[in-house]
Amino acid sequence: MLNITCENKTIRMSCGGRDFYPLSLDLLNIYGLDELLAHAERVALIGDGIDFRVAGAIPDEAYGLYMELLRQVLYLHTTHCMYPRLSSKAPSRGADATEDFEHYLNSLKNMPFFSDMCHCQILKNYCGGAPLVIVSPGPSLDVELLRRLKGRAYILAIGRTLPRLVAGGVVPDFLYIQDTSARAWRDIFVFDGCPDVLDTAVIANPAGYIHEYARKVRHIYKSWNYFLFEKDVMPKLGEIAPSSTSGAFSLAMVLGAGEIVLMGNDCGGLGVRPATSIVDLDNVLRQGFLPKPVFAHLAQYTLNTPRGLAWMTSDYLCALQWLKTRIFAAAGRGGVRFYDNSATGFLRDTGLVAALPEDYASPSHVNTPLPRYTISFHPEDYLKKHRGRFGMLRRCIRNGNPVLPVGLERPFNAVFCGIPQYAASGFVLDDRYNATVLDRIDRIIDQLDSNMAMEW
C-alpha cells in the first residue's frame, strides 16, 4: 500500500519501508504524481490502495491545494486500484485481460471499412489555432450559443449530444464517439429528424458499431489502431474510461485549437443528490484521513465550492482530475487558452481554466478540406490464423472437452467474456455456458469467413 501524508505543505510518500523524496505542495507536484509513479511501480504501489493522511493544521491559504491533493489521491486510487479489480479489461491486466466479445466481433465487421478509415492523428493542427468548443451532454450545454459560434469556432461534440444539437439546428464539425455498445450508437444516430447523411467527421473507437453507421456521416477516423496488420500505425488518442470528454480533449489538442471551450462538462451538480454512499471531502480533510468506505465504487463526494455545496461521483472526479492534469501540462507549454461554462465550475477552482465570458465571441475561420489518405491492408494471414484457432476451439468444446486453458490470450478469450468461471483456477466450461460460447464462436467464424472471401 502507498502511504501519502501531507504536513506543513509538504507531500511525503512511502511504501514497504521505502521513502520517496518529499515534495512541496503545489499544482506541479500534485498533477505530477501520476507520472512520478512510473507505470511498473503504479501496479505494485497503488494496486493495494492508498492510505492518505493530513498531519497538523491546514493553513487557510493552502486549503485549496490540500483539497486538490485529496482529489488527486482519489483519482489515482480509483483508476489504478479500484477499476482494475472491477474490470477484466483494465489496462493494468495486460495480456490477461479478457477481450470483450462485442468489441472483437465489431472490429471484424469494421474490417472492410479500414482502408477508408484514416487515423485521427492525420488531423494534427487542422484547426491552425482557431477556437474549438468541446460539447459534453451536461445541463450547461447551450445550443443557442453554439448556433452563434457555428462557423466562428470549430464544434467538437460528444456522440450523445448529437440529437440535441441537430434538434437545435447545429451539426458539429467533429463528432467523437468513445462508446462501443449497440445501444449507445443507436441513441446517437437513430432519432426523429436525423438527416440521412450528416455533414460531420466522426472520430470513433474502432471497436464500435462503425459498420452500421459509416454511411450516415461524411468521414470516419479511427482513434487508435486495433489490428497488428495495420500499416498506418500512429499514437493512440489519450482517454480515460468512462469519460468521453477525455478523448475529445485529446482530440482537440491534436487538432491544434488555440482556444478550447469546455461546454456542458458539469460532472456533477450543485446541492446534494440522494445516494447510498456519500463522502464529504471537506470533512475528510478536517478528520485528517480517508475512511475506507470512500473507496466504494461510484461513491458520491460532496464539497464546498465558491458556488455553494456541490456533488460529484467517483467517475466524474476521475474525469475531472485527468483533465486538470492535461490542462496544467498544456498551460505550461503555452499557446492554448481554456474556458469553461459549467454550473459546477470544478475545472475553474484551481485557476487553470477561466469562466466563459457572457459576451464570448471568436473570429471567423475558413473550413478547409479534411486531410485523408488511402492505404491497402493485407489481413489474409491474420484471418487465416484466427479462423484456424477459433475452429480448433470450437472442435474442442463440441467434442466434450470440459477443461480449457485459463489465460487463453486475446482475442481468443473473447468468447468467454462475462463467464464467471473463466478467471477461476482449473476452468471448466459447464453446460450452462456451452451453448453461449459455441454461438459466439460460430458468429466470429462466420464473420472471419465473410472477410476471407473479400478481395483485399
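These legends describe an overall view and close-ups of a predicted model. Residues are numbered from 1 along each chain as its sequence is written. Local features need pLDDT of at least 70, side-chain atom pairs count only at pLDDT 80 or more, totals for chains, interfaces and linings use all residues, and side-chain values use heavy atoms, with hydrogens and water left out.

View 1. Helices (H or I, at least four residues) and strands (E, at least two) are DSSP runs, numbered from the N terminus. Of the 456 residues, 55% count as buried. Buried means under 20% relative accessible area, exposed over 50%, and partly exposed in between (1.4 Å probe, protein chains only). Contact means heavy atoms within 4.5 Å. Among contacts between residues at least 6 apart in sequence, 66% join residues at least 24 apart.

**View 2. Phe174 sits in the largest nonpolar core.** Such a core is a set of buried Ala, Val, Leu, Ile, Met, Phe, Trp, Tyr and Cys residues joined through side-chain atoms within 4.5 Å. Beyond its neighbours within four places in sequence, Phe174 is in contact with residues including Leu123, Tyr126, Tyr154, Leu255 and Leu370.

**View 3. Ile134 lies in strand 7 (residues 131–135).** Ile134 is buried, at 0% relative accessible area. Leaving aside neighbours within four places in sequence, its contacts include Leu156, Thr245, Ala248, Phe249 and Ile260. Ile134 and Leu251 are 117 residues apart in sequence, yet 9.7 Å apart in space, C-alpha to C-alpha.

**View 4. The second largest pocket has a volume of about 460 Å³.** On a 1 Å grid over the protein atoms alone, a pocket is an open set of points where a 1.4 Å probe fits, with protein on both sides within 12 Å along at least five of seven lines; lining residues have an atom within 4 Å of a point. The lining has 21 residues, and Phe249, Ser250, Met253, Arg326 and Arg333 lie nearest the pocket centre. Helix 12 gives the most to this lining, with seven residues.

**View 5. Cys15 and Cys267 are both buried.** Relative accessibility is 13% for Cys15 and 9% for Cys267. A search of the whole structure finds zero disulfides (pairs of cysteine sulfur atoms within 2.5 Å).

Methods
Grid points are joined across faces, edges and corners, and a volume is the space filled by probe spheres set on the points.
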